[in-house]
Amino acid sequence: MLNTRLVKDILVKRTTLLLLLLSLSVVVIIAVGLTVKSIPLFEYSDIFQLLAGKLWSPMKGSFGFLPFIAGTLAVTLISLVIAIPLCILTAVYLTEYASDALKNMMLPLVNILAAIPPVLYGVWGVLFIVPLIQLYIAPIFGVVTSGYSVLAGGIVLAVMIFPIMISIMVEVLQTIPYDLKAASLSLGATKWDTIKHVILKKARPGIVAAIVLSTSRAFGETIAVLMVCGNVAKVPTSIFDAGYPIPALIANNFGEMMSIPLYESALMFSALLLFVIIFIFNLISRLILRRLEGGQHG
Amino acid sequence: MDNTRRRLLSEKVAKVFMHLSGITVTASLFFIVGTILYKGLPYLNWEMVSQLPKGGFYIGKEGGILNAILGSMYLAGVSTALSALIGIPISLYLNIYLGTNSKITQFSKLLFDVLYGVPSIVYGAVGFGIMVYLGIRASLLGGIITVTLLTIPIVVRTVDELIKTIPEDLKNVTLSLGTTRWELAKVMLRSVRTGLLTAVLLAFGRAIGDVAGVLLTTGFSDNLPKYIDEPAATLPLSIFFQLSSPIPEVQGRAYASALVLTIIILIIVVCTHILQSKQKNRR
Amino acid sequence: MHSYPSIETKESPIVNPLIDPHIEIKDLNVYIDGRHILKNINLALPNNSVTSIIGPSGCGKTTLLKTLNRLVDDTKGVEITGSVLVNGEDIYGKNAEVTHIRKKMGLLSQKPYPLPMSIYDNVAYGPRIHGTRSKKELDKIVETQLRNVALWDEVKDRLSHSASGLSIGQQQRLCLARGLAVEPEIILGDESTSALDPLSTAKIEELLIELKKDYTIVLVTHILRQARRVSDYILFVYDGEVLEFGPTEQVLLNPQNEITKQYVKGFIS
């Protein structure tokens, strides 16, 4: 009887170990596979020309990635400008001012936002944000645009990163000890004074981590941005210009990949680029968050 | 006195902005769902969910999106089942067999963090590469492979969090009865049963809504998914294609399809909430 | 029920609190989530003296302290009736401004909580909040208060360093300096030496006795010896009620109330 149990134990252990190794090797497959596939592109032109080149014309053999890097940066930057203040204020409100009942209602609602499939954000963006920009926002600045712009992408992205930013910020703010706030209040400071000078300062590393993590999420978002950003391979010079972030590049052109071998390599390189950027951002924010967690117990 | 009044005023102003922010954030949820409801409801009818797209569907003729509904269900269902079968044991192995202090566990968790953060488009690109290498054409199989890989880190992380909530005492008491670690794992699994279900549901929701992963690997088809090596339709892609049509009727149907997807997601979310409150009540 | 002392004790001058109470508490009742935490408190605390609140844990000592600077307002589900008069004005009155009241009271909590900023900024925090901007003034305040708590020499060369680099004893003195910088009238201490080593504890006790000349001090402590060393008056709180109040020696060595007798039993020997 005992033997059967032990055998089962070992069997399960071995099988799971195998599964574990296979799953972890995916990281290797991604990194190595993409790099290997990109090699033809590296042989064709050096990395600086690739990253800084402005012209994207694969048919003519020109692979300048700058428009896409710029597009990704533009859309992400706009989304951060919108999301960061909104999320900090909301997170502070939820932890410092809101009643428990309100908090318990709002947090799940915000998390539902996270469950909505990206394509629905794209649909909403096309339905509402694009016309909004075309008909109302742009005219204020005297600009004529179709509405398909990096601004549209930024707005849609901002809403998509609300849940992750708010939930991490709320978590971080909740770790601040009450007595610290009491110390500030006892000196005659208002709650808002305390928030400005004590709480936000103490929570700064965590807030930064939340932002970095949300940024890496924003970098990788594909379909929602693709549907509203215009997909024009030029470096955007104003927020009303169309843009072409890296994920959209990959998504739109994989069909054409087969015709030009270098094209496939270029798209694999884009994926590699994305992977590396996101990997670095993720690492930074995890390190910050882990150090924060350790500091609390220390 | 002046200083105090100024500070109190700035607090009041700050509170106004905080309220506005909170309202903006929560309102956007209702806004999105509401817009889709508003635009999609007029076009939602029995025909849409029960029929396949007939010839000319995308330019206004009859039909429905049954191909996409079933295709998505099938794809997400199989992928979620696979990733759960793989991910749950892995998480148990890391957290219970090896324990959270083991170097292997910490290293693995780091790698899974990386995998979790990789966007689905990259999985799509890699999946595509694998398919080319193995000689598989764009099909349900390709999509299943890609989405499974995509979902495994999500399952592992969610189960990790779940295991963290199991009280130490349960583990100690069970071990002291002389169980093997596998039996311990079974006991712990039972104690977080509802949590596991929630995790699987959430993974399913993620899988069904994903576009970038299936775009490059699953292809598209107007037929029902029958064979695993054939291209299959998925809801997000169906929405996308219908939306690209210039004909308002078709666009309207795109919103209806989006509504169908939204309803599926909302059902999942409601189920997870019910499960979670059941879990809380039991505690 | 209470006998207001007008006895000369060996540490303090003759004080008749009936004529000159700094703090008066009238019919104070505090409920938290329906539970009656403080029951019908009536007290007068004299000026320029140290009063120690003693009693078993969980009996409302800290709550009583918190009602003095209205920190108790933040507790969830709290209900307060009655009045607390400081210099004759009810701090729970309709026109009372909470930040002003708190400015009058300095709080020293059990564990030191230095603010996440430099040593200089910690002390300057209060004055800055209340409007003092000039660097010269702030410099003066910082130096004065750090000298008051005997910390100046130890930190004068690293004022811009983070306060978290100080030892716990130094941090607690910093918190005292921080509290003094807003020029309170009353200092409240919530078991403020329980996290410190004996040397730091002695330093803080010394400071409190010094400060009594200019401030009224109310301390919560569970160390009876400390109460004896430091205070002029002792308040015994049991189950949310004030059972005894009087000069230190009297309460500790010759308590009137039975329960008080039991509590200080170990001390009378």
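How far apart do the C-alpha centres of domain 1 of chain B and domain 2 of chain B lie? They lie 33 Å apart. The model is predicted: local features need pLDDT of at least 70, side-chain atom pairs count only at pLDDT 80 or more, and totals for chains, interfaces and linings use all residues. Residues are numbered from 1 along each chain as its sequence is written, while chains are lettered from A and ligands numbered from 1 in the order in which they are written.

**View 1. The two domains of chain B.** Chain B splits into domain 1 (2-43) and domain 2 (64-282). These bounds come from an automatic or database domain assignment. Contact means C-beta atoms, placed from the backbone, within 7 Å. Nonpolar covers Ala, Val, Leu, Ile, Met, Phe, Trp, Tyr, Cys and Pro; charged covers Asp, Glu, Lys and Arg; the others, Gly among them, are polar.

**View 2. The two domains of chain A.** Here the assignment gives domain 1 (2-43) and domain 2 (51-297) of chain A. Their centres, taken over C-alpha atoms, are separated by 32 Å. In chain A, 8 residues of domain 1 contact 10 residues of domain 2. On the domain 1 side there are 5 nonpolar, 2 polar and 1 charged residues.

**View 3. Chain B against chain A.** The interface joins 61 residues of chain B to 68 residues of chain A. Helix 1 (residues 2-40) of chain B gives the most to the chain B side, with 19 residues. Helices (H or I, at least four residues) and strands (E, at least two) are DSSP runs, numbered from the N terminus. The chain B side divides into 39 nonpolar, 16 polar and 6 charged residues.

View 4. Chain A has 12 helices and 2 strands. Its C-alpha atoms fill a box of roughly 80 × 70 × 35 Å along the principal axes. Of its 298 residues, 52% are buried. Buried means 20 or more other C-beta atoms within 10 Å of the residue's own, with C-beta atoms placed from the backbone; exposed means 12 or fewer, and partly exposed lies in between. The largest nonpolar core has 250 residues, and those with the most contacts inside it include A:Val123, A:Val156 and A:Met169. Such a core is a set of buried Ala, Val, Leu, Ile, Met, Phe, Trp, Tyr and Cys residues joined through C-beta atoms within 7 Å. Helix 6 (residues 150-174) of chain A gives the most to this core, with 19 residues. Leaving out residues up to four places away in sequence, A:Met169 touches A:Cys87, A:Ile88, A:Ala91, A:Ile207 and A:Ala210.

**View 5. The open sheet of chain C.** In chain C, 6 strands form an open sheet in the order 6-7-8-3-9-10, with mixed pairing. Pairing requires at least two bridges found by DSSP. Strand 6 (105-108) and strand 10 (241-247) of chain C are the edge strands. The twist averages 15° from one strand to the next. Axes are lines fitted to C-alpha atoms, for helices over the stretch in contact, and angles run from 0 to 180 degrees between N-to-C directions.

**View 6. Strands 6 and 7 of chain C.** Strand 6 and strand 7 (residues 186-190) of chain C pair in the parallel sense over 4 bridges. C:Met105 has C:Ile186 as its bridge partner in strand 7 of chain C. Helix 6 (residues 168-180) of chain C packs on the sheet, touching strand 6 and strand 7 of chain C. The direction of this helix makes about 170° with that of strand 6 of chain C.

Terms used: Two residues are in contact if their C-beta atoms, placed from the backbone, lie within 7 Å.
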